[in-house]
Amino acid sequence: MTELESAYTFTYRKPPSGAEVTAWRESLHALALLLVDAGLEKVELLLEYPLPMCSLRADAVLAGVHPRTGEPAYVVVELKQWSAAERIGDSDDLCQVPGIMPPRAQLHPVAQVRRYCEYLVDLTRELEGHEHRVSGVAFLHNAEDRNVVSLLTAPVAGGRLFTRTTRDAFAAFLRERIAPDPEFRAADTLLNSRSAPATRLLDAAADEVRGRSHFMLLGAQQKAFSLVLRTLAHVHREGNGQKEIVLVNGGPGSGKSVIALSLLGELARRRIPTAHATGSKSFTRTLQRKVTEGRSGTGKLFTYFNSFEKARGNDLDVLILDEAHRLRETSNGAPVGSRWAKRRQIDELIDAARVPVFLLDEHQVVRPGETGTAEVIEKAAADRGVIVRHVDLDAQFRCGGSRAYEAWVLQLLGLEPGGPHTWRGDANFEVRVADSPAQLEDFLQARRDEGCSARITAGFCWPWSRPKKDGALVDDVTIGPWRRPWNISTPEGVGGLPPSDLWATEPAGFGQVGCIYTAQGFEYDWSGVILGPDLVWRGRNWHADRSASRDKALNGASGPDFDRLIKNTYKVLLTRGMAGTVLYSTDPETRAKLKELVPGTAGGGPS
């Protein structure tokens, strides 16, 4: 086990958790004994196998040849220590494990391993057209059949779930599908395969993404779209590993994500190996859910910046990097150049594709360590002799298309020269200042009653508690008598409320307060923003108060960096609305300043 722990630490640049080590000790021992008893001890075993272009890992992949055809054969094995489990209601693919508190929905192990198999086939070029070479199975080595009956009878199981009771049947299952490879090539073939979307996956994505009529490109958006296609054609003509970068810079609502999705659809239609990546779990999961809804597998084209640490050079033709201001120095957080992080994340992403496309807004850098600036990208390109082609977006599609409001926010926060000045109004966008958080919420609820979408966000100035054992949320955000919970901090929803990743897009997200990490990248009709005590107006300037921040991510920021990051945070929150923004500050002096700058709005009246 010590050798496995060392290999894991070396590969993933961090030691395994205690729970992982315990799981290995029990589950891998059970699997190894079974392989020996089945006469398959010489089958190659890939442990903690990383699925392409994502952070998920399969517990084990057996690599060998088919016992009858001699073709390469792979069996993905999901190992569970569960001694009992039961289906949730009438669900085919959800279950729960007794004794885990609070109760949590788990994916049926067979549903989980089937998705792993599909993912592996869809994004491994050596397997394209050879889906039959991959099988998946789940092994609950501590469980008796009688304790997981409802899992065994679920439609998703289909003979692919084995327990301690059916251990011999599992051995027979494996002998039917895999045998040792006498030349030991199968594992190397899989490990060295190009990671790129299969053509059938590209076809499905093209149908879905390109079929959405609201992806209409205008002005500089169309210029950026066409430039990427022309650049790709150029590098193909040049050959010899030629590489060029397209850098698209634009403010909030300038259409960066529309460009990204339009490119993804067009490149998929042309069957050009491509992928879309962001640094935001919330943004990526929402794209997977919303853009590809109803199209099985197409969500695999949406991944993360840190998914390319081990990618081979030019696996993709185009890599679309949306929200590129969220790039990190390294993909695993280790210091660059250390034994744990040989390369910078920017270099990994440039290496991964012939045409990396960076779409960014430098004013949205909100965490220490985020390095996504034009300067960083240009320097990395210059160091490699790579040409960078630029597009600056000049339109505004969020905030009611109001350039006046975007400029007002930047000057309000001191992010651009000119200082705070009076809001003069704009027919396309409404700005209000509320006297209380209750008044802010009531106004937004009235807009929701009219059919608009709305959310409340705040600076990270209050503690953030996990749900109670009964699933109830804790009212952490307390301002006088007004009390509301933060959005759910876990990937699972609670009591019909959406998980953190879907707070900004699911209607039930209203009623919980969002923060920068759940709001960034999203938009809604009306935005209510609570300025906390981390940014207050004193005399003639803003004062960023470190002691008022609960954001642990900012702990290491220097004074000037902390000031800049807090202002960038509020800039992002203040530019989420499409129709209007309602502001409230917990600080009386700041609230008075806001009312002075937005005249006629005392008490939340019209601007």
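Q: How many aromatic pairs does a search of the whole structure find?
A: The search finds 14 aromatic pairs. Rings of Phe, Tyr and Trp (its six-membered ring) pair if their centres lie within 6.5 Å; planes under 30 degrees apart count as stacked, over 60 as edge-to-face and the rest as tilted. This is a predicted model, in which local features need pLDDT of at least 70 and side-chain atom pairs count only at pLDDT 80 or more, while totals for chains, interfaces and linings use all residues. Residues are numbered from 1 along each chain as its sequence is written, and side-chain values use heavy atoms, with hydrogens and water left out.

Q: What makes Tyr-405 and Phe-429 a tilted pair?
A: The ring centres are 4.3 Å apart and the planes are at 35 degrees. Tyr-405 sits in helix H13 (residues 403–412) and Phe-429 in the loop between H13 and strand E15 (430–433), 24 residues apart. Helices (H or I, at least four residues) and strands (E, at least two) are DSSP runs, numbered from the N terminus.

Q: Are Tyr-405 and Phe-429 buried or exposed?
A: Buried means under 20% relative accessible area, exposed over 50%, and partly exposed in between (1.4 Å probe, protein chains only). Tyr-405 is at 0% and Phe-429 at 2%, so both count as buried.

Q: Why is the pair of Trp-464 and Trp-486 called stacked?
A: The planes of Trp-464 and Trp-486 are 15 degrees apart, with 4.8 Å between centres. Because 15 degrees is under 30, the label is stacked. Trp-464 lies in the loop between strand E16 (454–458) and strand E17 (477–479), and Trp-486 in the loop between strand E18 (482–484) and strand E19 (513–514), so the pair ties together parts 22 residues apart in sequence. Trp-464 has 25% relative accessibility and is therefore partly exposed, whereas Trp-486, at 2%, is buried.

Q: What makes the contact of Lys-593 and Glu-596 a salt bridge?
A: A salt bridge needs a side-chain nitrogen of Lys or Arg within 4 Å of a carboxyl oxygen of Asp or Glu. The N to O distance here is 3.4 Å, so the pair qualifies. Lys-593 and Glu-596 are three residues apart in helix H17 (residues 588–597), which means a separation of about one helical turn. Lys-593 is buried at 15%, and Glu-596 is exposed at 52%.

Q: How many disulfides does the search find?
A: It finds zero; a disulfide is a pair of cysteine sulfur atoms within 2.5 Å. Cysteines in the protein include Cys-95, buried at 0% relative accessibility, and Cys-515, buried at 1%.

Q: What makes E4 and E6 edge strands?
A: An open sheet of three strands has the order E4-E5-E6, with antiparallel pairing. Strand E4 (86–87) and strand E6 (106–107) each pair on one side only. Two strands pair if DSSP finds at least two bridges between them, and two bridges join strand E5 (residues 94–96) to E6. Leu-94 stands opposite Leu-107 in E6.
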